[in-house]
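Let's take a walk through this protein chain together, from its packing down to a few individual residues. Have the sequence and the model at hand as you read.

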Amino acid sequence: MTDLISRRQFSGLLTAASLAPFAASAALKTAAPAARKVILDTDPGIDDAMALLFLHYLPGIELLGITSTFGNHVVDVTTRNALYLVERFKMNVPVARGVGVPLAGEYGPPPVYVHGQNGLGDVPVPDQVASKPDPRPAHKFIIDAVRAHPGEVTLLAVGSMTNLAMALRDDPEIAGLVKEVIIMGGAFGYFGNLGNVTPASEANIHDDPTAADEVFGAKWHVTAIGLDVTHRVEMTQDYLRALSHEAGEVGEFIWDITRFYENFYRKSGMPNIFCHDASAVAYLADPALFKTRSGAVRVVIEGLAIGQTIQKPDSRKFPPGAWDDRPSQSICVDVDAEKLRQLYRRTIIAGAKTLAAK
Ligand SMILES: [Ca+2]
């Protein structure tokens, strides 16, 4: 719909241009595509910090706010880290503190062996930061932003899905008012990928399977960037070192926080880090980097396989079952990893220049 309207407006402007070149030139400037409004729901988190910097420096994006959730650490720490990142990189973006526990069950202990005791690879971060969170809880912040900009807001969720599910429970109509939902989460078995918390379950989904099932079941469009693709996007030490030389303070920060992360992967027998959350940002920036499959998605919410994500492809027929009457969602099934890394590198290098100029 938006495309049709903008195309119509654009052709109208072209007619005007033939009649009055100078007036049309001014009008064309005002008709430039509006920035895409995004809320990042996140649990920083080393790869979350990498994703946030990527998102912040992408052209054509208006980051309306950051909402914090638990996952890579407790929500007190992830909120502090989000506030710290905003302050340190002069982002001028509100941070709304989210929920600290899943809708059902319990959370914890945090995976400090992956993200460090402070959630940011144990680079020095002050215990307290000067700026305060938005007074609203995260799910209210999401509802307010979606209602203020109907049809325009993209929710980009790269932690547990609890804030999104709470927003849906509180105000179900927002499902029809959100432009799209992009999540990092899930593992659907492509390329032999299992979960990373259990053989069945990926961490963001495992942290709150009930919330994830509600997010997949709502009548908005979800695209899941799961381990099927993020495990195909590795960043080598050479890549990160080059970035630290090319991208000023931003590249150095990424290098510093990824030392702990890389060490965790090496101890687990993998030479390189995986680019989990930033891959979801890459989908927002350029969906053509990915191949997707459409179908209803369910999340296993109890038992041995809790947190497992299972899609019923639209192309397959089954007897009546738990996937019926659920919206078709997209899951990513392949990615151009090299182009994604190039996009990340270009964006971070350009962003570092704008930061140096501030
Ligand atoms: Ca995350």
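Two residues are said to be in contact when they have heavy atoms within 4.5 Å of each other. Helices (H or I, at least four residues) and strands (E, at least two) are DSSP runs, numbered from the N terminus. This is a predicted model, in which local features need pLDDT of at least 70 and side-chain atom pairs count only at pLDDT 80 or more, while totals for chains, interfaces and linings use all residues. Residues are numbered from 1 along each chain as its sequence is written, and side-chain values use heavy atoms, with hydrogens and water left out.

**Overall build**

The protein chain contains 14 helices and 11 strands. Along the principal axes, the C-alpha trace spans about 70 × 55 × 40 Å.

Of the contacts in the protein chain with a separation of 6 or more, 80% are between residues 24 or more positions apart. Buried residues account for 53% of the 358 residues; buried means under 20% relative accessible area, exposed means over 50%, and partly exposed is in between (1.4 Å probe, protein chains only).

The accessible surface of the protein chain is about 15,800 Å², and carbon and sulfur atoms hold 56% of that. Such areas come from the Shrake-Rupley method with a 1.4 Å probe, and for residues only the protein chains shown count as cover. As for charge, there are 34 positive and 40 negative side chains, with the centres of the two sets 6 Å apart. Lys and Arg count as positive and Asp and Glu as negative, whereas His and the chain ends are not counted. Each charge is placed at NZ of Lys, CZ of Arg, CG of Asp or CD of Glu.

**The cores**

A nonpolar core is a set of buried Ala, Val, Leu, Ile, Met, Phe, Trp, Tyr and Cys residues joined through side-chain atoms within 4.5 Å. The largest one here has 71 residues, and F290 and Y344 have the most contacts inside it. Helix α3 (residues 46-57) is the greatest contributor to this core, giving nine residues. Which residues does Y344 contact, leaving aside its neighbours within four places in sequence? They are M50, F54, M235, Y239, L243, I254 and A278. A second, separate core has 35 residues, among them I143, V146, A167 and V178.

Helix α7 (residues 162-170) has T162, N163, L164, A165, A167 and L168 as its buried residues. These pack against β1 (36-42), β2 (61-68), β4 (153-157) and β5 (180-184), and also against the helices α6 (138-148) and α9 (209-217).

Helix α13 (residues 276-285) is mostly covered, with nine of its 10 residues buried. The buried set runs through H276, D277, A278, S279, A280, V281, A282, Y283 and L284.

**Backbone details in the loops**

Most residues other than glycine have a negative phi, and most peptide bonds are trans. The table gathers the departures from that pattern.

| Site | Feature | Angle |
|---|---|---|
| P44 to G45 | cis peptide bond | omega near -10 degrees |
| G108 to P109 | cis peptide bond | omega about -5 degrees |
| N92 | positive phi, not a glycine | phi about 55 degrees |
| D325 | positive phi, not a glycine | phi near 60 degrees |

G45 is in the loop between β1 and α3, and P109 is in the loop between β3 (95-96) and α5 (112-115). N92 sits in the loop between α4 (75-88) and β3 and is exposed, at 76% relative accessibility. D325 belongs to the loop between β10 (309-313) and β11 (329-335); at 75% relative accessibility, D325 is exposed too.

The loop between β10 and β11 also holds A322, which is partly exposed with a relative accessible area of 42%.

Finally, G151 lies in the loop between α6 and β4 and is partly exposed, at 40% relative accessible area. Not counting residues up to four places away in sequence, G151 touches L177 and K179.
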